[in-house]
Amino acid sequence: MALIDVQNLSVDFTAGSGKSKRVLHAVKNISFKIEPGERVAIVGESGSGKSTTAHALINLLPGSGKVVGGSVNFDAKQLVTDGHAAQEKEFVEVRGSGIGLVPQDPMSNLNPVWKIGTQVEEAIWANSAAQNGKKLDKKEAHDAAVQALENAGLSDAKSRMKQYPHEFSGGMRQRVLIGIALANNPKLLIADEPTSALDVTVQKVILDHLDCLVKELGTAVLFITHDLGLAAERAEKLIVMYKGEIVEAGPAVEILKNPQHPYTKKLISAAPSLASTRLESTKAAFSGYSDRPLPEDLSFSHLRNVPNFAAESLVEVYGVTKEFSIRGQKEPLKAVDNITFTVRKGQTTALVGESGSGKSTVANIVLGLLAPTHGEVAFNGHYLADYSKSRATLKHFRKMVQPVFQNPYGSLDPLVSIGNSIKEPLNLHKIGTKKERDARVAELLELVQLPNALKTRYPNELSGGQRQRVAIARAIALNPELVVLDEAVSALDVLVQEQILTLLNDLQKELGMTYMFITHDLAVVRLIADEAVVMQHGKIVERGATETLFNNPKKEYTKNLLDAIPGKHIL
């Protein structure tokens with residue numbers, strides 16, 4: 001008997017009211033089964049209905065989402081009958097102890113004002129009460145929380161329990177959610193993009209742990225993912241969704257090696273791999289890099305020129321160290337430890353390494369959002385610290401350097417429309433007339449493959465991938481010299497990822513843009529980067545031309561990163 005049996009499931013979302021009311025058919029009559037201990041992956045592009053399907057199974061649909069048809073039977077319990085969900089009490093009994101969920105966005109699913117330990121303990125208390133009718137005592141819950149975090153691959157779990165979510169990297173937050181989901185040994189684990197925020201080595205630890213659960217406890221796993229490598233390596237069965245429908249289903253390796261549906265073929269052809277080569281642009285090459293000088297103003301006279309600054313460099317990092325104070329620890333945490341590297345004009349430099357290796361900290365230092373404890377950063381021949389000494393120079397620096405942050409859910413204001421979010425930098429820097437700014441917004445939406453109609457909608461109406469495309473559109477609105485992309489494509493499905501990487505590459509060739517690309521996805525590095533800097537524990541362990549580093553890695557750590565990539569022998 002199947003552990004979960006889904007038949008003709010349909011989910012609708014309603015927007016607006018009255019005459020402007022519109023209904024979106026997000027999931028349309030889908031059927032599938034998952035056997036005890038089976039690993040199944042649902043793949044498809046952003047907005048295909050993958051996450052909606054997962055949330056419908058446990059009655060956690062967002063907003064106006066509602067199951068309107070079909071049935072869901074889990075472990076002999078009827079959770080949905082003829083399009084009607086069971087009572088909330090029945091779902092409470094199933095969630096956590098019967099069905100565990102690893103949600104997609106680690107930041108919005110952790111309370112920012114509660115310590116990590118408190119949140120893990122609370123989940124364990126709630127699930128133990130639902131499962132056994134009584135709560136664990138304080139020590140039992142604490143010990144179980146530490147064990148859950150250790151099982152999820154979080155080192156030094158006892159001291160980490162005392163920290164807050166903002167003190168964790170994106171990958172570390174995701175591990176906390178994975179630990180919570182696994183804490184009560186559920187019969188079915190729904191993993192919604194469980195490793196999109198994780199580097200490949202930690203990803204391997206997590207996925208190996210899931211494999212152990214399947215073998216030892218008979219836990220079934222439903223992966224919701226856009227990572228075809230993960231699906232190929234970790235799932236026995238593959239379900240391909242497109243526009244709310246299942247277009248192909250069957251054994252995972254068989255489908256990936258011999259796809260039948262045109263959409264599946266398109267997905268597989270778009271997936272990056274280590275066999276890929278650097279993208280070639282279809283655009284005309286940039287004729288020459290023309291430095292954009294600072295405006296002539298006496299207030300800019302304090303800027304110091306950097307001795308021996310190379311003409312071909314845009315950013316030079318000299319011996320930078322960054323330390324943070326940690327609660328409960330006397331010694332500061334050295335997040336970045338005496339690193340030196342260069343970002344060349346018109347090229348892409350990738351910073352790669354495990355979660356917590358210091359990549360995002362370096363990005364924030366280059367963006368001027370963090371000051372280094374020791375060392376200097378130079379931009380365009382001037383020390384970065386000098387730009388912040390006057391409002392005029394700092395504003396000019398902000399115009400020249402734009403970020404795309406890791407989390408598409410947290411980087412857009414939920415109360416501001418998409419059009420106004422993209423227009424915001426144009427407004428702040430007083431560029432063009434209102435009509436010209438509106439035209440620029442339409443142009444940017446087209447560049448990132450989004451319809452112009454989205455400009456009046458809000459972030460909560462968009463998928464994660466769509467939100468990240470909006471963030472990229474906003475970042476390139478001012479035609480900056482440097483764009484710092486922090487895991488900018490980790491939330492995107494392979495088709496959109498391919499479009500964005502091609503777009504970024506074309507913009508670079510056409511406009512002479514420079515990118516600093518922070519990522520844990522080495523296959524993406526192979527596609528987009530000219531040079532790569534490998535970081536571990538805050539230090540640079542290897543750097544050089546991407547092709548050389550991939551074909552002939554010298555350090556064991558770099559080799560381990562390459563070996564840990566999922567599905568590399570299948571795709």
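I noted at the outset that the model is predicted, and I began with helix H10 (residues 262-270), where I found Tyr 263, Thr 264, Leu 267, Ile 268 and Ala 270 to be the buried residues. They cover an arc of only 165° around the axis, which puts them on the same side of H10. I recalled that an α-helix has 3.6 residues a turn, so residues three or four places apart point the same way. On the other side of H10, I listed Pro 262, Lys 266 and Ser 269 as exposed. I then looked up what the buried residues of H10 pack against, and the partners include strand E3 (39-43), helix H8 (228-234) and helix H17 (494-511).

Next I turned to helix H6 (residues 170-182) and helix H7 (residues 200-217), whose axes come within 12 Å and cross at roughly 5°, which makes H6 roughly parallel to H7. On the H6 side I found Arg 175, Ile 178 and Leu 182 making the contact, and on the H7 side Val 202, Ile 206, His 209, Leu 210 and Leu 213. Sorted by class, this contact has six nonpolar, one polar and one charged residues.

Last, I traced an open sheet of six strands with mixed pairing, in the order E17-E18-E19-E14-E20-E21. Strand E17 (401-404) and strand E21 (539-545) are at the edges with a single partner strand each, so one side of each is left without a neighbour in the sheet. I noted that the twist averages 15° from one strand to the next.

Methods: Residues numbered from 1 in each chain as written. Predicted model: local features only at pLDDT ≥ 70, side-chain atom pairs only at ≥ 80, totals over all residues. Heavy atoms only, no water. Buried < 20%, exposed > 50% of the residue type's maximum accessible area, 1.4 Å probe, protein only. Helix = DSSP H or I, 4+ residues; strand = E, 2+ residues; numbered from the N terminus. Arc of directions from axis to C-beta. Contact = heavy atoms within 4.5 Å. Axes fitted to C-alpha atoms, helices over the stretch in contact; angles between N-to-C directions. Parallel < 35°, antiparallel > 145°, perpendicular 65-115°, else oblique. Nonpolar A, V, L, I, M, F, W, Y, C, P; charged D, E, K, R; others polar. Pairing = 2+ DSSP bridges.
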